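Please read the points below with the sequence and the model open side by side.

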Amino acid sequence: MDVLASQFPRFLGAIWLTIWMFLLITAIATALGLTLAVLTEGRRARLLSVYTWVFRGLPELVVLLFCYLALPYLGVDLGSIGSALLAFVLIGIAFHAEIFRASLRSIDPRLREASRALGMGRGLALRRVVLPQMARIAVTPWATFLAGNVKMLSLASAISVGEVMMVTRQSLAISQDPLTLILFAGVVYATIASAVMVGETLLSGWMRRRYGPPTGGS
């Protein structure tokens with residue numbers, strides 16, 4: 001416990017770094033993934049499939065090391081944090097785009113036809129009919145990916161990003177109590193992931209009250 005107490009200020013900084021990286025990655029990857037899913041509906045879906053196939057197939061550590069070690073040879077040096085952000089955003093976009101694309105495909109086509117029959121343009125129907133329906137279908141797999149993404153951030157320690165796992169590994173080098181440090185790191189990641197799952201539960205409940213059950217079609 002002594003080493004945990006002495007290293008606690010560093011852990012606080014690492015926790016804050018982990019949280020803001022997670023939030024920034026989530027915001028960018030969600031926005032770009034949703035945009036790609038909407039823009040590549042129909043004939044352009046193959047373009048998205050190539051991108052998602054590549055980045056869902058590559059190991060996260062490979063993408064991370066490419067951004068950190070290989071990009072500088074191409075004249076792009078983002079540093080450790082910038083490289084981690086780029087790598088996880090590229091991976092996140094691929095997964096988010098597939099989640100949103102699958103959700104868009106599961107929407108009853110009669111809803112789109114009804115929107116057109118009511119005189120809605122594509123933009124208005126997308127905003128008032130398609131996206132709300134898609135959101136209530138996508139929220140659970142989206143949140144599930146995010147909970148896993150929290151744990152994936154621990155890989156950033158491989159390129160010296162000072163997040164929770166990096167501080168844990170450095171503290172282990174001067175500690176005779178590895179159990180306490182490893183348990184503490186696990187609790188931190190589990191707490192952030194739990195916050196995501198609680199948020200998903202609240203968001204799902206709100207959508208169910210506002211738009212009805214996901215399969216209700218009411």
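1. Axes here are lines fitted to C-alpha atoms, for helices over the stretch in contact, and angles run from 0 to 180 degrees between N-to-C directions. Helices (H or I, at least four residues) and strands (E, at least two) are DSSP runs, numbered from the N terminus. The model is a predicted one, in which local features need pLDDT of at least 70, side-chain atom pairs count only at pLDDT 80 or more, and totals for chains, interfaces and linings use all residues. Residues are numbered from 1 along each chain as its sequence is written, and side-chain values use heavy atoms, with hydrogens and water left out.

2. How do helix 7 and helix 8 cross? Two packed helices are described by the angle between their axes and the distance between the axes. For helix 7 (residues 164-172) and helix 8 (residues 178-211), the axes come within 10 Å and cross at roughly 175°. Angles under 35 degrees count as roughly parallel, over 145 as roughly antiparallel, 65 to 115 as roughly perpendicular and the rest as oblique. Helix 7 and helix 8 are therefore roughly antiparallel to each other.

3. Which residues make this meeting? Contact means heavy atoms within 4.5 Å. Helix 7 brings Val164, Met165, Thr168, Ser171 and Leu172, and these meet Pro178, Leu181, Ile182, Ala185, Val188 and Tyr189 in helix 8. By class, the contact of helix 7 with helix 8 has 9 nonpolar, 2 polar and no charged residues. In this scheme Ala, Val, Leu, Ile, Met, Phe, Trp, Tyr, Cys and Pro count as nonpolar, Asp, Glu, Lys and Arg as charged, and the others, Gly among them, as polar.

4. For the chain as a whole, there are 8 helices and 0 strands, and the elements run α-α-α-α-α-α-α-α from the N terminus on. The C-alpha trace spans about 70 × 45 × 20 Å along its principal axes. Of the contacts with a separation of 6 or more, 80% are between residues 24 or more positions apart.

5. Buried means under 20% relative accessible area, exposed over 50%, and partly exposed in between (1.4 Å probe, protein chains only). Buried residues make up 41% of the 218 residues in the chain.

6. A pocket is found on a 1 Å grid over the protein atoms alone, as an open set of points where a 1.4 Å probe fits, with protein on both sides within 12 Å along at least five of seven lines; lining residues have an atom within 4 Å of a point. Grid points are joined across faces, edges and corners, and a volume is the space filled by probe spheres set on the points. The largest pocket has a volume of about 200 Å³. It has 13 lining residues, and Phe22, Leu23, Leu146, Ala195 and Val196 are the closest to its centre.

7. Which helices supply that lining? Helix 1 (2-39), helix 6 (122-152) and helix 8 each supply at least two residues. Helix 8 gives the most, with 6 residues. By class, the lining of the largest pocket divides into 10 nonpolar, 2 polar and 1 charged.

8. Ser160 is found in the loop between helix 6 and helix 7. Phi of Ser160 is near 70°, a positive value in a residue other than glycine. Ser160 is partly exposed, with a relative accessible area of 46%.

9. Ala14 touches Gly162, Glu163, Val164 and Val167, leaving aside residues up to four places away in sequence. Ala14 and Val164 are 150 residues apart along the chain, yet their C-alpha atoms are separated by 4.9 Å.

10. Leu36 also has its place in helix 1, and is partly exposed at a relative accessible area of 30%. Leaving aside residues up to four places away in sequence, Leu36 touches Leu48 and Ile93.
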